[in-house]
Amino acid sequence: MWRKASGMVRETSSWKTRRQGRTEAPTAATTTTTPTSNRTRTHTTQGLIITWSQLAVVAAVAALLNSSDCQAGRAPPEPYYGSYVGEFTNFAHGIKGRIYAVDESTLFVKSFAYDGTGPDAFFWVGKTPRPSPDGYIIPYPEEYMGMDPPILQAHNGTDILLRLPMGKRIKDIRWLSVWCRRFTVDFGEVFIPTNLGVPKPRVLPEFKRLAHGLRSSNISVLDARTFYIPNLHYDGAGPDAYFWVGNGSEPNIMGIKVPNEVGSLEPLRGYQGEDIEIQLPANLTVYDIDWLAVWCVEYRHNFGHVYIPRDLDVPPALGQTKITPLWWYSPTTTTPRPAVYSNCREILPNRLQVKWELQGEHLLVELFGRIAENQYMAFGLSGANGRPQMAQSDVVVAFYDTNARVFRAEDYFISDLSQCDGQRGACPDERIGARNDVIVVSGDRKNGVTSIRYKRLLQTNEAIYDVPIPIDREVSVIAAIGPLNARKEANAHSHTASDHNQDDIRINFGARNDHACKSSLYDVKDETGPKPWPTRKIQGVRKFRASIGPTGGKRGYTPITGVPSWGIAWYVNDLLIPEITVERGQTYEFIIEGGNDPSMPARYHPFYITDSPEGGLGQKVGLDARKQKAYAGVEYDEDGDAIPTGGGRYCEWEHQTVDRSLEIETFEEYMKTLEYKCEDGEPGYLNWTVPMDAPNQLYYQCFTHNNLGWKINVVDMGASGGSSVGVNLIVFIGLVATRLLLTGRVLA
């Protein structure tokens, strides 16, 4: 009995040590000595070596560790939903719920109730003293079809995550309401306390560099289960290496495997400067562990690690952190992303490639297609082995959903060569009563190429609509590219060699190093559209004027940058997104005419210089904001929030009639179809001395919107060539002539 009680005390103490980040001394044998005839006497009872007084001390320590008043606790109280905001005050329709601040842009409503009978009700936030029409909707659910967010439906005890839209933060609002927009009625409200402390991600040091070239930039704890590891390098040569977490002063064999960035527990591959996110298993949080490591299980070797501090106050893990990056995100590393796969086949020449690898019971596939946004790409097992046959085939149809703005991969069974009628034809499995067994991992669209990564079980246990994928032999495959219909389902494709494979193509999905792709689809030139205008370049110039103008359609911004535009872009010295060359140590002046009124977002484009090819720092919060560095045009307040300084009056090159870029061969002729208009006010001025340690590639961008600018090439002093005085004079004369010709006036 005494041994059992002692063991329980030690076990409780050990658990509290892990949870609270304490350091527990090794348990030693306890002896008591009593002077008897100059000899030491030890009291031992069946392995328990303890005195009554020591037992009392142990019991007191155990009671202290189990006390709710113990102030040294490391983990927050459970369940943990973030910082408590308050409860809804109900005015109508049975509004109930407790509200928490999860992070600086996310609210959590616990046990939300609403009868659903309001005709036009939404979650509604604003910064007026009380709920009023001067607010905006928080869409729920976050992903929806159509242009407008859906009206709030009935709920009875639903747990709801609400993400503030448009880059807004909790500190930007004063209340949350369930609001009827049609009748301007407040059904229920809760007010945000002033000076509310909101959990935030925590930045840790980089991985300690011990073996196999392991290194990274500073690691971040995004929430209680998610790590962000930027610029990860690892040679992949460890025979049995995994992400590994556990307790103790150093990584050890008593750890737990953590799935990699795609959720796999396969041994780690090599990484060359990639930015990844990983999540702890469901039963663990960062409060339960002392370190994160890369560990070789077979040889019990630590390749490198980072310690988890004891004073974390990070957001709870409620599903608000998405592992899959948004489609436009490109890792901000200086090392190009390596090919993940050892297998690649080009199924349709210059149009469709497929890469794959086995991951345990799953097949991971990535499709690369030169397709339009209203097209799909399909790939799967042929309906007949030995020839390409669409009928009776099991395929995946992948595409970018322009309505929901997400990448999709749908499991299809093609019973007949006809449109799906809900029972037969080319039908998504879900539409004919089966499951979509395909899981989208990530997607991207750039330079005219759509890539979608997905995984599927080799054996799905759906005998009728899913064909098992063999890995011990070759199997015939089919692929096609075609149009989407209004339901975002696959329509019939053309019967040409560029739209579907006409020959029998066989793949052994269990093979390694089946790499027959000779080049990347990103290198294929699009010959179908109009000829793009060449990129303009400016060098040897110290003074720039930045204003807004149209993107030039299919000849301008998108073919130059490889990313979609949203209709306007920067014009620098009257050139559409020119590449600018600057020298380290030199000072440059920017005259800025992008707007200075935040209440008019369509005409508010503060100019700034950054290392991000996307820009839009004002939209970013938390980790997204820390992914980019601002070099000019931004200051930071006491909370560390970015404040734009590159504002000025709004000036824009506007179309005199309609956009005629498709019919005009040269940019110079296109400029003659535009006219320059300025609002009242003064331009802004930005003086920038290029740091000596500036990277070779920077970008001028808009603070409030993505993808308005382009490249700044940074070179050493004197390397840009040419006489800066002479070139400046030429540019100045050119600017004067252009303004006189096009507008009849020169702007001061």
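Visitor: Before we dig in, what should I know about the model and its numbering?

Guide: Residues are numbered from 1 along each chain as its sequence is written, and side-chain values use heavy atoms, with hydrogens and water left out. The model is predicted, so local features need pLDDT of at least 70 and side-chain atom pairs count only at pLDDT 80 or more, while totals for chains, interfaces and linings use all residues.

Visitor: Okay, disulfides. How many does the structure hold?

Guide: The general idea first: a disulfide is a pair of cysteine sulfur atoms within 2.5 Å. Here there are three. Count the bonded cysteines along the chain, and the pattern reads 1-4, 2-3, 5-6.

Visitor: Which parts does the link of Cys-344 and Cys-517 tie together?

Guide: For elements, helices (H or I, at least four residues) and strands (E, at least two) are DSSP runs, numbered from the N terminus. The sulfur atoms of Cys-344 and Cys-517 sit 1.9 Å apart, and the link is left-handed, with -85 degrees about the S-S bond. Cys-344 lies in strand 18 (residues 343-348) and Cys-517 in the loop between strand 28 (505-507) and strand 29 (537-538), so the pair ties together parts that are 173 residues apart in sequence.

Visitor: Are those two cysteines buried or exposed?

Guide: Buried means under 20% relative accessible area, exposed over 50%, and partly exposed in between (1.4 Å probe, protein chains only). Cys-344 and Cys-517 are both buried.

Visitor: And what about Cys-420 and Cys-427?

Guide: That disulfide has its sulfur atoms 2.1 Å apart, and with 105 degrees about the S-S bond it is right-handed. Cys-420 counts as buried at 7% relative accessibility, and Cys-427 does too, at 1%.

Visitor: Where in the chain are Cys-651 and Cys-678?

Guide: Their sulfur atoms are 1.9 Å apart, and the torsion about the S-S bond is about 115 degrees, so this disulfide is right-handed. The pair links distant parts of the chain, with Cys-651 in strand 39 (residues 648-655) and Cys-678 in strand 40 (residues 674-678), 27 residues apart. Cys-651 is buried at 0% relative accessibility, whereas Cys-678 is partly exposed, with 25%.

Visitor: What lines the largest cavity?

Guide: Its space is about 150 Å³. The lining has 13 residues, with Phe-379, Gly-380, Val-396, Arg-456 and Ile-469 nearest the centre. Strand 20 (362-369), strand 21 (375-381), strand 22 (393-401) and strand 26 (449-457) each give two or more residues to this lining.

Visitor: And which residues line the second largest cavity?

Guide: They are Trp-533, Pro-534, Arg-536, Ile-560, Leu-576 and Phe-667, around a volume of about 40 Å³.

Note on methods. On a 1 Å grid over the protein atoms alone, a cavity is a set of points where a 1.4 Å probe fits but cannot get out, and a pocket is an open set with protein on both sides within 12 Å along at least five of seven lines; lining residues have an atom within 4 Å of a point. Grid points are joined across faces, edges and corners, and a volume is the space filled by probe spheres set on the points.
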